[in-house]
Amino acid sequence: MLKLRLLLILIIFVFTSLNGQNYVQLEDDVDCGVTNRLSIYATPDDVILIEQYLKKCDDLEYIRIKGFKPGPHWDRLFSILQNHKRLKGIELFYNDGLTKVPTDIKKNPNLRVVSIIGNKQLNYDDLFKKLSGLDSLQKISLIDNKLKNVPNSFKKLKKLKQLHVSGNENLDYQQLVESLKESELEELSIPLNSLSDIPENIKDLKKLKVLDIRKNYISELPENISELDSLQEFKSEENIFLDINDELAKLKGLNIKYLSFDPVQEEELGEIKSIFPNATIEKKEGENLTGINLSEDENGSSGDDFETTKLKLHSSNCFEAIKQYNSLFHRKNNYLNYDSLGFFERLSDVDYCYNEKVLADGRFEGVELMSHNKFRWKKNVNFPKYKTKKGEIAFSICPEGNLYPEINAFTGMLWVYVGDKSKRDFIKTYVKSKKWKDVFIEFDESNETFFIVLKGDYLEKIPAYPRYVNPQSSLKHAKLHYEKKFQMYERRLELRAQRFNQEVDRVKQKSHLRKRKIENQNWSRLKTYMCPYEKGLNRNGWLAYRDYCIKEIHKPLDTVKLGVETIKLSAEKRYVDFQVLSPSNGKNIINNVVAKFSLSLRQRSGEQLKNQLLIFYPSSQQIVQFNGEVGSAIELKPNLDFIVIVIKDDSYACFYTKEEFMKEVRGVFSENGAIDFIVTKVFKDYNLNDFWKVVEQLSK
């Protein structure tokens, strides 16, 4: 789903606000003394720029490197930086394709801070080997790198004082703590990692002074957290502690100087203060997303409405603003292209998972089921090997990492299937070589039956009941145990939904504010092209005037038959940008930004059609024409709304909405070869007026 990576915005916001990092982009005109923090692109031109800057200025202390481009300039950059003795921090910011950092990074004698943000292909084992020789290095930040394993070389960072890790939900945090126990680590910050538990071995970090676990899904602290003798600060807000007082009481006896947690009742706060009388205590209130004024600009409603009876009073040459309108309001500013689906909408929609949008070729981070009826056990999964009764079909849910923190409420649980499939069919349908987009759990109280809901091409509901870990327990005790687990599951799921929807709202509000700001600027620019009559209209009046003028200009073409050439001529009259594209063939891909594939069009009858298609993008007022043979390539933008017009014999057409077209393509998608698309709609003969009426209707 949206890898609309909405959580990423929050991660970067939290990180930058905590570190106060405001980088200035390096340009030719940046003078010495303006800032000690510069941002550059990893291109040959910017490497030359930074080299020239450092020859005349000695104030650079922190540098952000982004937009990696391979080449000899990359090694040259780090060779230049190693000679700049004042450099304290290096940040690698979303460098796609970057795998290794030059050896010269370890030659910066005063380097104290290294931040790695969104570098998913980087060889981290190699990086930490190079950093391990830096005695000056005190802090490492790892943000949104989708790390799955802790590199072995991480153990060599024995001088490290501070570690910040967020947006790495798949990482094994127990292994991370294990690799740090011989270090001098004083601050561990692990917010926004979807953690449901703090690793038990946290007690081994004997020098730890600051522990930050904010914005996770933790419900209780390990008992041995009281062994962190040096702990002074503990930040815990936005988790789901069932009893915050009981949990914080586990820190009793430690020299706590600062505590932060979610709002509590006054009596609870009083008890916490009695346990930690010398601590600064902050009970954090939830973020208020209301109060942003999205009202229309005052100038937007001033002026007259459009009336055709007053048209005689103005010159007939007022068309310059109409010509400029699309370039100002459509071509450059697609600023509302975000995915606004809420959490539970994604949960119930098979085209989405709530971690990341599912791609058409099936690439996603999903979950597996593990059968307990086989002797071959899934490697590297810490699940007990239950004994099953004869005839039972038993399984476990295996979410990878912390991507599904709510499911971790059921960690180690054995589920017994109570449906009508045989063992062979169950394993073939749900287990063998299967990875599901999403999994969630429902409970039918009337029948006391759980349903494991798997999401693939459609929702699969597996009826099952849990087997209690201790088979000697009473049924009543087992029910109480699982009722508590299910309540924990629901609370984590609701918390996750709340956070996700807050991000959707935040992005939506920011987008609307940006839209208003840009619209107001563009209306001011548009007025410079208006004649006196147009300037006297309000915004809605001017738009009505524009529509009227375009329809008047287009009237001579209204009854002309549809065809690619006539649509092109019509587009000129309507000021719609008409482009002809012929992308090269290659591997078929579909993601949330680009879709490119070879397409084989044919009708139900089997008749094959040429790839004579038009793609209309309402938001940018563009038509893209593809005119090729069977199996030729087309390219489109799934992050925008669009309409597909299939042309037959240059006079007949049928229309597909984005949803209809992408559903058909996804249903038969393959990476190689032409995708067989069966046109099931009826071709009709349109004139240009009717053609635009259909386009307008589908664009709403």
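1. Basis. Residue numbers start from 1 along each chain as its sequence is written, and side-chain values use heavy atoms, with hydrogens and water left out. Because the model is predicted, local features need pLDDT of at least 70 and side-chain atom pairs count only at pLDDT 80 or more, whereas totals for chains, interfaces and linings use all residues.

2. The sheet. An open sheet of six strands runs in the order E19-E24-E23-E26-E27-E29, with mixed pairing. Strands (E, at least two residues) and helices (H or I, at least four) are DSSP runs, numbered from the N terminus; two strands pair if DSSP finds at least two bridges between them. Strands E19 (577-580) and E29 (684-685) are at the edges, each with a single partner strand, so one side of each has no neighbour in the sheet.

3. Helix on the sheet. Helix H15 (residues 658-667) packs on this sheet and touches E23, E26 (643-648) and E27 (652-657); contact means heavy atoms within 4.5 Å. The direction of H15 makes about 85° with that of E27. Axes are lines fitted to C-alpha atoms, for helices over the stretch in contact, and angles between N-to-C directions run from 0 to 180 degrees.

4. A strand pair. E23 (residues 611-617) and E24 (residues 622-628) are antiparallel partners over seven bridges. Within this pair, Ile-615 stands opposite Val-624 in E24.

5. The helix pair. The axes of H2 (residues 44-56) and H3 (residues 72-82) come within 9 Å and cross at roughly 15°. H2 is therefore roughly parallel to H3 (angles under 35 degrees). Residues in the contact include Val-47 and Ile-50 of H2, and Leu-77 and Ile-80 of H3.

Definitions and conventions:
Angles under 35 degrees count as roughly parallel, over 145 as roughly antiparallel, 65 to 115 as roughly perpendicular and the rest as oblique.
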